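Here are my notes for anyone opening this structure without having looked at it before. Have the viewer ready and follow along point by point.

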Amino acid sequence: MKAALLRSFGEPLSIEEAPKPQPGWGEALVRVRACGIDGTDLKLLDGFGYAPALPFIMGHEIAGEVAAVGADVTEFAPGDRVAVYNFVTCNRCVYCRSFRDQLCLNMGGVVGVLDVPGGYAEFLCVPAQQLIRLPDKVDYVDGATCCDAGMTAAHAVDRARVTVGDKVLVIGIGGVGSIVTQLLAASGVEAIAVDIDATKEEWARRQGALHFLRDTGDALVSLVQGLSEDIGVDRVIDVVGLKNTMSAGFASLRRGGRMVVIGYTPERFPLSGLELAQNEKEVIGTRAGRRNDLSRCLKLYATGALRSIVRGTYPLDQVNEALAQLRRGVTGRIVLTFD
């Protein structure tokens with residue numbers, strides 16, 4: 001099969017012929033039809049965060065069809081359309097049993113990220129428990145984006161615990177930020193989109209943002225105060241995770257407000273204990289999404305409650321061009337497609 005291999009951090013992927021995997025006990029072979037690319041892939045390329053053993057096949061936003069199943073797999077059959085949940089969990093630890101799959105204590109790997117080869121290939125083999133049926137009304141391309149951008153956004157909005165009438169600052173309008181904005185708009189809150197790329201304003205408003213800001217630092221805080229009668233916003237969802245975005249987001253919160261951090265970088269931000277305590281602010285993290293977040297996202301696409309964020313597709317042979325485009329900046333999502 002054809003695959004794009006990461007052979008050395010900091011270097012382009014190598015398009016090669018690789019052995020086609022075969023499903024073992026409890027596993028399924030999936031023919032990849034679409035695989036999204038995102039910031040985690042760039043971190044892998046740069047050797048930051050996760051560090052898989054090389055060579056490695058990346059790609060964790062995967063939709064396709066079952067090609068074959070191994071022994072003891074009865075819930076799926078060849079031809080089934082599926083999306084792939086990327087956290088390989090134990091299903092028995094305290095986190096798995098409390099529906100916080102992505103915090104599993106005995107993680108068996110992360111598909112396309114760590115230990116388990118991913119979707120930058122024509123086929124991949126995963127435990128059948130990783131598969132979720134793709135609704136008939138959801139195409140492979142949109143289904144793939146649900147496997148990270150969609151479920152991450154859904155989980156982050158849950159973590160934010162928004163209520164009708166809230167003002168919510170969304171920092172970073174890429175793939176995840178686009179779906180966050182759609183979900184917020186559907187929840188009856190006032191979404192304020194922030195991005196350094198001014199060309200994203202029209203896109204952000206199409207996702208449901210009522211305001212678009214491109215300033216950073218103190219200038220951003222001042223603009224937010226102007227939009228909130230000098231009170232601050234109820235919630236901040238930071239998809240970027242840089243020092244300046246987290247600092248500005250924290251300063252933009254009203255008393256009792258909550259900041260949810262999705263993005264992560266090597267940077268840290270200074271946190272005033274006085275402001276945190278005296279104003280009862282909250283700063284919480286959110287990691288990707290749970291299995292039920294992925295299922296919910298697919299259902300929202302199937303009903304039309306969520307709209308496609310895909311802005312371009314590339315064949316596998318052009319994966320390095322796609323990754324370079326992502327590094328330059330993308331509105332929405334880029335997806336690899338397979339004939």
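Predicted model: local features only at pLDDT ≥ 70, side-chain atom pairs only at ≥ 80, totals over all residues.

The points below go through a sheet, some helices, a few backbone details and the nonpolar cores.

1. Going across, the order is β13-β12-β11-β14-β15-β16, and the pairing is parallel. At the edges sit β13 (211-213) and β16, each of which pairs on one side only. Neighbouring strands in this sheet are turned against each other by 20° on average, ignoring direction.

2. If you want a landmark, find Ile192, which stands opposite His211 in β13.

3. Next, helix α4 (residues 175-186). You'll find α4 lying across β11, β12 and β14, and its direction is at about 170° to β11. Thr181 is a residue of this helix. Is Thr181 buried or exposed? Its relative accessibility is 1%, so Thr181 counts as buried. Leaving aside residues up to four places away in sequence, Thr181 touches Val170, Ile173, Ala191, Ala204, Gln207, Gly208 and Ala209.

4. Helix α7 deserves a look too. This helix lies across β11, β14, β15 and β16, running at about 150° to β15. Which residues of α7 (residues 243-252) are buried? They are Thr245, Met246, Ala248, Gly249, Phe250 and Ser252. The cover over these buried residues includes strands β11 (167-171), β14 (233-238), β15 (253-261) and β16 (282-285), along with helices α6 (217-227) and α8 (273-278).

5. On to the backbone. Most residues other than glycine have a negative phi, and most peptide bonds are trans. With that in mind, check the peptide bond from Leu54 to Pro55, which is cis, with omega near 0°. Pro55 is in the loop between α1 (39-46) and β4 (56-57).

6. Then there are two residues to check for phi. Glu229 is not a glycine, yet its phi is positive, at about 55°. Asp230, also a residue other than glycine, has a positive phi near 65°. Where are they? Glu229 lies in the loop between α6 and β14, and the loop between α6 and β14 is the place of Asp230 as well. Glu229 counts as exposed because its relative accessibility is 69%. Asp230 is exposed too, with a relative accessible area of 61%.

7. Finally, the nonpolar cores. The largest has 94 residues, and those touching the most other members are Leu13, Tyr120, Leu131, Val180, Leu184, Ile237 and Leu336. Which helix gives the largest share of this core? Helix α3 (residues 140-160) does, with twelve residues. Apart from this core lies another one, of 17 residues, including Val224, Ala248, Met259 and Phe269.

8. Not counting residues up to four places away in sequence, Leu131 touches Ala28, Val30, Val66, Phe76, Val82, Ala83, Val84 and Val126.

Methods:
Residues numbered from 1 in each chain as written. Heavy atoms only, no water. Buried < 20%, exposed > 50% of the residue type's maximum accessible area, 1.4 Å probe, protein only. Helix = DSSP H or I, 4+ residues; strand = E, 2+ residues; numbered from the N terminus. Contact = heavy atoms within 4.5 Å. Pairing = 2+ DSSP bridges. Axes fitted to C-alpha atoms, helices over the stretch in contact; angles between N-to-C directions. Core = buried A, V, L, I, M, F, W, Y, C linked by side-chain atoms within 4.5 Å.
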